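Here is a short report on selected local features of one model. Please read it alongside the sequence and the coordinates.

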Amino acid sequence: MTAAGMTPTEKNTSPTDQQQFNENHNEDYEEKIVQEFGHLLEKSKQLFNGLRDLPQYGHKQWQPYFGRTFDIYTKLWKFQQQHRVLLDKKYGLKRYQIGEIASKIGQLYYHFYIRTSETNYLNEAFAFYSAIRSRAYYSKVNREEKPDLMVKKLRYYARFIVVCLLLKKTKIMRELVRELNRQIDEYVKAYDPDDSLEWQLVLNEISSFIDVDNQLNIDHSPITLSYRLTNSMIPPLPTGSEKILSNIQMYVIEEILIIGNYQDQIKFSELTIDMYRILQAVERQAIDSLTSLDEKSTIQSPASTNHQQRDIHNFYDGDFQNRPNPHKYLLYKPTFSQIYAFAASAFKELSPHGTLLLYISADGYDTHLKSKVEQSYDFGGVKTNNRHDDTIESPNSPPTSTTNTLAKKSSPSIPPLNSSTTGSIKDAHNIFPGDLYPFLRKPLFLIIDSNNSITFQNMPNLFGQPLISLLSPIKLPTVFHNYQNKGSLFTLFLTSPVYAFCFVCHLNDLTNEQWNMCQEHINKMIFEIIKIFLKSKLVDSTIYHFFADEFLRLFLARYVFCYAVLRLHRAFKGSGFYPSSQPQLSNDLLENVQVHKMILELSALLNVRQLFLEGPLTAADLITSN
């Protein structure tokens, strides 16, 4: 503005007045910054708390809300970066408050991974959690009078450990466990809280979980097993397979339900060791993000990403990394209502070329009926929930807590529903074969890991849709009984056949050369089994409907490998010790001489040949042993 354009008042303004004007202007500006930050902070908290009210299943309902939440946190994070000095001075911004914002963003990324199964979001969560630790945002919270901030710090550690566990960052994870141990000690000494035993239980669960996942030593050092799918693990389809599969309707996994309820199995954060292994086995190995938090100019909202369905017509190409992972739900000890709600939602989301994978790892349930007629319910099923919070109780029965995950003791005056006095009444808190019949209207791939899995072997194909069931052995040799709480052997074979082979051979310490040799030999066997599937004239054509999917193809091959290893192993004697399936696989697959030879050769190279039978089973051996 020129002097000629100034008003008389402005011309007469003194330097002192101008200084006062500038100070007032600065104060107004600073006040606006403080107010805007307060508004963004409050809005972000409201949106974040609203995430709890979103349905846990379905796809479209939650994405817009997640998008809005990410947008507000993007603005909040950039805003506090741009105005950090002013906010420190005028707002009194504490370091733990910055840590809380970063922690919420990490939680958003983690929950988006849970919602979408895309492991890249785990890397984003890791970046924010790492920044909190490296910048010591929570370093002074133990000096606060109230314990609330200290509890937030402990929860942050638990969440960070889960992310490290899923990303196989073992070294950092062990450091975090040691730090969490110290933080719990400080928390107990400073506040003498009521939940000290609960936090000690969390620490014990974490430590046990890590130990189970690092039992194998290579060159005297424990290794962390990887269960995710890599390019080198995918069994290639042999030349000529197009001719066999070209006229068959192909299906790929689009939705997965993973249910866990082995009562005594080691768990952490509502994740049993079986669930932990299988959830990774249906994910592709992601490339680690190398971008630090300092280099992130913006927070990318995953909700804006277009997650497209997988194209089944491209299963012959090598475009592996760019295919999205199938969507999955993790249900720990779910109620019957939860199972049906999540299964129905997954069922609804299936495209015409999609299939549902249902995995259940749970203790078996027997009805103990004298007369068992109906295959659908009389022969029992699997336990999926030990919390009888849905039980129809007598008006006079005492109230029971719904927070205890252990089985409740029945009132002495009221017999349990499944007692002999009730005749044919079944326990309502279990899953029976008949419960799955409605979902046979679309293709279903079923994996049951239970000591009563055999109940699901003869499910009627009511609607003519492709159905495959892979069922665990119902017996386990005595020598392995002490290991049952450390994960199921059948799930181990389906997720890490190399380690499973070492486990049944009692091999806990290998050289790096032996480990690489073992991996190479078993990969060759898996590839050989795929060739046999396509060469066989006896294979049920239902199998081929699922060969387009690399995850299902691998599960089928690993199932055959599991059967062959246990069939040859001297400790596993009798049909109850071997897995079964529906449709039943033919002997040219399960009792293949070439596969048997390869297993025995590997056992000889590892100096455990004595654990297996003398040679490949002949036709006469098969007749006498069945």
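## Basis

This is a predicted model: local features need pLDDT of at least 70, side-chain atom pairs count only at pLDDT 80 or more, and totals for chains, interfaces and linings use all residues. Residues are numbered from 1 along each chain as its sequence is written, and side-chain values use heavy atoms, with hydrogens and water left out.

## Helix α8

Helices (H or I, at least four residues) and strands (E, at least two) are DSSP runs, numbered from the N terminus. Helix α8 covers residues 170-191, 22 residues in total. The expected span of a helix is 1.5 Å times one less than its number of residues. Asp192 follows α8, with a positive phi near 45 degrees.

Buried means under 20% relative accessible area, exposed over 50%, and partly exposed in between (1.4 Å probe, protein chains only). The buried residues of α8 include Met173, Leu176, Val177, Leu180, Gln183, Ile184 and Tyr187. An α-helix has 3.6 residues a turn, so residues three or four places apart point the same way. The cover over the buried residues of α8 includes α6 (120-134), α7 (148-167) and α9 (196-212), where contact means heavy atoms within 4.5 Å.

Strand β9 (residues 444-449) is largely enclosed by the rest of the structure, because six of its six residues are buried. Leu444, Leu446 and Ile448 lie on one side, and Phe445, Ile447 and Asp449 on the other. Both faces are covered.

Two strands pair if DSSP finds at least two bridges between them. β9 pairs in the parallel sense with β5 (residues 354-362) over six bridges. Leu446 of β9 is the bridge partner of Leu358. β9 also pairs in the parallel sense with β10 (residues 467-471), over five bridges. Here Leu467 of β10 is the bridge partner of Leu444.

## Cysteines

A disulfide is a pair of cysteine sulfur atoms within 2.5 Å. By this rule the count is zero. The sulfur of Cys502 has its closest cysteine sulfur in Cys518, at 4.1 Å, which is too far for a bond. Cys502 is buried, at 0% relative accessible area. Cys518 is also buried, at 0% relative accessibility.

## Glu254 and Ser351

Glu254 lies in strand β3 (residues 252-261). Glu254 is buried, with a relative accessible area of 6%. Its side chain makes a polar contact of 2.5 Å with that of Ser351. A polar contact is a pair of N or O atoms within 3.5 Å; within protein, one must be able to donate a hydrogen and the other to accept it, and residues adjacent in sequence count only if both atoms are side-chain atoms.
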